[in-house]
Amino acid sequence: MSELKKHPYPQLNFEARPRHLGSIRGRLGQFVGGHFSSVNLSPLLFSHRLDDTEHVKLEVWSAPGRTKPTFDEAKRQKYRPAKKGEAFGPSWTNHWFKVALHIPKDWEGYERVQLEFDCSGEAMVYTTDGDPIHGLTGGWGTERRVEFIIPPTARKAGVAHYFIEASSNEMFGQNGMDPPDQNRYYWLNSCDLVVPNMEAWRLMWDFDHLHQLVDNLPDDCPMHMKAQWTANEIMNVFQTGDMESVKAARKTAEAILGEAWEDKVQKESESAEKQKGTLWGIGHCHIDTAWLWPFSVTQQKSARSWSTQCDLMDRYPEHRFSATQAQQFKWVEQLYPSLFARIKEKISEGTFQPVGATWVEMDCNMPSGEALVRQFLYGQKYYQSRFGITCKTFVLPDTFGYSSQLPQIARLAGCQNFFTQKLSWNNTNTFPNSTFNWVGLDSSQILTHMTPVDNYNSQCNLDDIRRAVTNHKNTEVTSQALLLFGNGDGGGGPTPPMLEKLRRIRATTKQHDVGGMLPPLKMGGSFEQFFDSVREETINGGKLPNWRGELYAEFHRGTYTSHGSIKKGNRKSEILMREAEFAATAASLADPSYKYPKDKIDSAWEDLLLCQFHDVLPGSGIAMIYEDAEEKYAGIQKYIRAVLEEAYSALYKNSHPLDAATKVPSNSRVFAINTLHNYPRQEVVTVPLTGAAGLRGSCAQVSGDGQKGYMLMDASDETVIGQPKGLYADVARVTVAESEPGVFVMTNESLVMKIEDGRIASIYDKAADKELLAHGQTAGMVIMEDNPNFWDAWDVDQFHLEKQTHLKFGNVRVLEGGPVRATIGASLRVGQSSMEVEISLDAVPASLKKDARSMIRFSAVVDWREKHKFLKFELPVDIQSDTATYDTQFGVVSRPTHRNTSWDAAKFEVCGHKFADYSEYGYGVAILNDCKYGYATEGNVMRLSLLRAPTQPDPETDMGSHAFSWAVYPHLGTFAESDVPQVSYAFNTPLHLRYTSSKTNELTASPLALSPPFRAPGTHNVFVETIKRGEDDADTGKTTVVLRAFEQFGGHAKTTLKIYDLDVTKASLVNLLEEEIEPLELLEVPDDRTGISGGGEETKAYGVKLSFRGFEVKTIKLTLASAKSKRSSGSDGWVKV
């Protein structure tokens, strides 16, 4: 007021001062860079730059090939002189630079001196002691980070020495989404000693903030107009080359940012945890464990990204950084121990925050239920052992859909919260919630937040900040949201400019002119604190909406099929791990000399879990990563098959594996091991006879060429041992014949299948008097044009169904005529591809269930050479239902067969595991498979997706040979009345064939090897998935066994788990981390088994009562008195073979 008295309002005004015209907004783009870069702020950004050899001495050593030497190895090498402008390569190679800096004495007074090193690719700065201290990213993209600040001690000394490892790859590989150029070279653009003019940089950040306010706030917002006026005034105040005008311009910016705003923000940042706000800013660095680069490059990316974040935490006290994936932490621990020690310090301070809980950010559609359990088990155990923490928040921002069992699995692994954002990519429907209770298949719930910012790598621009308000779908209950900021996918993480942007946003939101257009920004928090705050605000989630069932991603549906060999490697490895753990557990309890091979099992699981990363298993990466994955799958098969064999050798002491390469003594007898718990089986198995002619007599059928035999293997009693039997009198033989030219009929007691004109024309159920195929339709192979609009390896679009060709089998012929197995051979050619299929029908049903039907098995070998084609098997059935049922983790999920709504129509391709079932009252049919995951049931047509052929990012996706099997299994009753899940397990888990050549033909074995030690009688719907040794047995010296069981069909169940041949002292219900939830009453019950020889001694059994809700998973831990079974190897049982 005093100023007004000194200078009263003038009486006269002769100026022509208009309101700003629209051209002002265009002017704001001229302040930095561009056409006017010689006269705007740009020349003031650096005060000095030196690159001469007097000040920067540069030498280089290039590592041979794609090797990745350690620092100690690289330091010992002979270096040669190097200079700016040189090119280094080829792709994926590593080059080590020695840098000697001589800093002018008169630079000591500057605020900052830094080394600018731009190798066009990624790099890491090391001290001369080998400590990795800062990551660099060259090039000119938004991820550019080429500055390394010289520490004050080195500036004072006037000299500094560093090593820099530079890699010949960009942050996003070699060639973006296109196939990588394997012969690319990278230019060393700069290796300069520079003095940045920090006040000019701060003005640039001020101005950019004002410019973004103008661009992103509505025109009728006061802050929009004020920011435009202020930014224009800054340009008026600024004078070219004048540092005093920079100070004046910064003072002008305080009209928006507030007076002395920097001091206030700095003070607030020093106690960041006390900040208030609704938008929680947490630094993040999503690093794809493999995608457009291989695993080995990710190891370097993790170290580069995380070392830089440690530096930023020291410079910005408000900065909190989160990182996921225990695998990446383990790599850093192994390869960069000094950096890992620094990270542990930051974790203890709370500034570096491990989150996510899992081994990698895995795909959630295709891994088995047990594999998802192990993702959490291995991830949480790692965090507990290294950092003393259990993650409470499951973080998975970039995965292509989320299984309906994840809420239960995550909760059982210690997680209460879930964060993602990927459903913002939906291309049909907008997901209706931002913060909600996600309720899973068994009704377990997890508090879930899908950030309204719609990304996990925000650049901290105002459009993202605004979206937290404008896109939040649950503001009637809570307006809190998460902002994950930092360069991602290829790593990097937050940068100083991002943190500077956030500081200016924090200052601006304190101004009244904002008017609610920007949310108050809170720094210094964590995921857990955010979710706790939401939980408190919403009364423990009670005010939030619920979403039940899967979070189906309406995009990337092609990933269920791309790279079929990887899907096969996953399924086969999961099955093998299950069998090996059970066998090794039994062997460790039966034979005191056998040591449970936990290290080998852990190593194999870690490799399997690694290959389930969400760009590896889905088939959406470059070819190199599949070479790595195939190698890991081969290693799992080699080493875990050896584990399995060692266990079987301990359990079945005088037996050997039977395979085509084995020469079997003439007096040998063959038997089979059934690895499915509580599931008696009677199946036809194929036996190689090339080196086992003596087994011909046990075969019910021998192939025409005499190379293989077919045995009817009976494992139908209470033992796990199956023995060959002849064809029973009450079982009709299977036959096949060409009834007329081109018409082939295959029939057994229950089914008749007819092939006519190269198509399956009929599948007739004799007992039910029902034709399975719809009138006028045929079953068989179909190929479709597959040209998605975007994301070639990822997507398949709905219109691919509109352009299809039904293929016909050629060269149809009889291969096997019965009596236990009939087989029709057929050939198929399409384009440059060929396919050989064997279609088989056995004399016996697919299971021992009363009225069970046989399955029709298809075994295919394909030489696939098509591009952008989609090969499927289709089955049009005379069944009507609004839903089909698909196998998923620990249960099933129902999906619509109609397309009434856009939500229904979007599910034109869905993920399932071992089967899909389509049933009506009284009858149904299932399609089983041994390594496929893509399905579609549209109307009455069931389809199984077999092969795709995208060309980006891998131009040779799926080219080559493939072998896989599927089957059609008709059944009486609805799905819930069927045994489809058990039959699908058996289809994926063949009986293990072994032989014994002892003189008596007696197989000496532990009771644990002859009879399942665990049974859940009377419960058709409870399945024992896993039997393993306890995680902590080696550390505690205890002997424990862990079982995991689940309810399969979606109903309640009560059972008594019976335990045989083990001296159990305690039973507990535990979580997935094997931590006790509650003790279970251990009952003594009679040994009610029949036909099991235990050496004549009286035995007793134990029982544990269990109750399940629908789709519930339970983990039971049994503590034993000793590592030996109650009947040791000295009192082995025996069975005559």
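Reader: Which side chain is joined to the side chain of Asn-94 by a polar contact of 2.7 Å?

Author: Before the answer, a word on what is shown: this is a predicted model, in which local features need pLDDT of at least 70 and side-chain atom pairs count only at pLDDT 80 or more, while totals for chains, interfaces and linings use all residues. Residues are numbered from 1 along each chain as its sequence is written, and side-chain values use heavy atoms, with hydrogens and water left out.

The partner is Ser-167, whose side chain is joined to that of Asn-94 by a polar contact of 2.7 Å; a polar contact is a pair of N or O atoms within 3.5 Å, where within protein one must be able to donate a hydrogen and the other to accept it, and residues adjacent in sequence count only if both atoms are side-chain atoms. The side chain of Asn-94 also makes a polar contact of 3.0 Å with the side chain of Gln-300. With a relative accessibility of 2%, Asn-94 counts as buried (buried means under 20% relative accessible area, exposed over 50%, and partly exposed in between, with a 1.4 Å probe and protein chains only). Leaving aside residues up to four places away in sequence, Asn-94 touches several others, among them Ser-62, Arg-66, Glu-165, Ser-167 and Gln-300, where contact means heavy atoms within 4.5 Å.

Asn-94 lies in strand E5, and Lys-98 is found in strand E5 too, which covers residues 94–102; helices (H or I, at least four residues) and strands (E, at least two) are DSSP runs, numbered from the N terminus. Lys-98, at 28% relative accessibility, counts as partly exposed. Its contacts, again without residues up to four places away in sequence, are with Lys-57, Leu-58, Glu-59, Tyr-79, Tyr-162 and Phe-163. Lys-98 is also 18 residues from Arg-80 in sequence, and the C-alpha atoms of the two are 9.4 Å apart in space.

Some details of the backbone elsewhere in the chain also deserve a careful look. Gly-818 and Pro-819 are joined by a cis peptide bond with omega of about 15 degrees, and Pro-819 sits in the loop between strand E36 (810–817) and strand E37 (821–830). Another cis peptide bond, with omega of about 10 degrees, joins Gln-952 and Pro-953, and Pro-953 is in the loop between strand E47 (941–947) and strand E48 (960–972). Ser-443 is a residue other than glycine, yet its phi is positive, near 80 degrees; Ser-443 lies in the loop between strand E18 (435–439) and strand E19 (445–450), and it is partly exposed, with a relative accessible area of 46%. Asp-454, which is not a glycine either, has a positive phi of about 70 degrees, and its place is in the loop between E19 and helix H14 (462–470).

As for the whole, the protein chain has 23 helices and 60 strands, and of its 1137 residues, 62% count as buried. In this chain, residues 24 or more positions apart account for 75% of the contacts with a separation of 6 or more. The C-alpha atoms fill a box of roughly 120 × 65 × 60 Å, taken along the principal axes.
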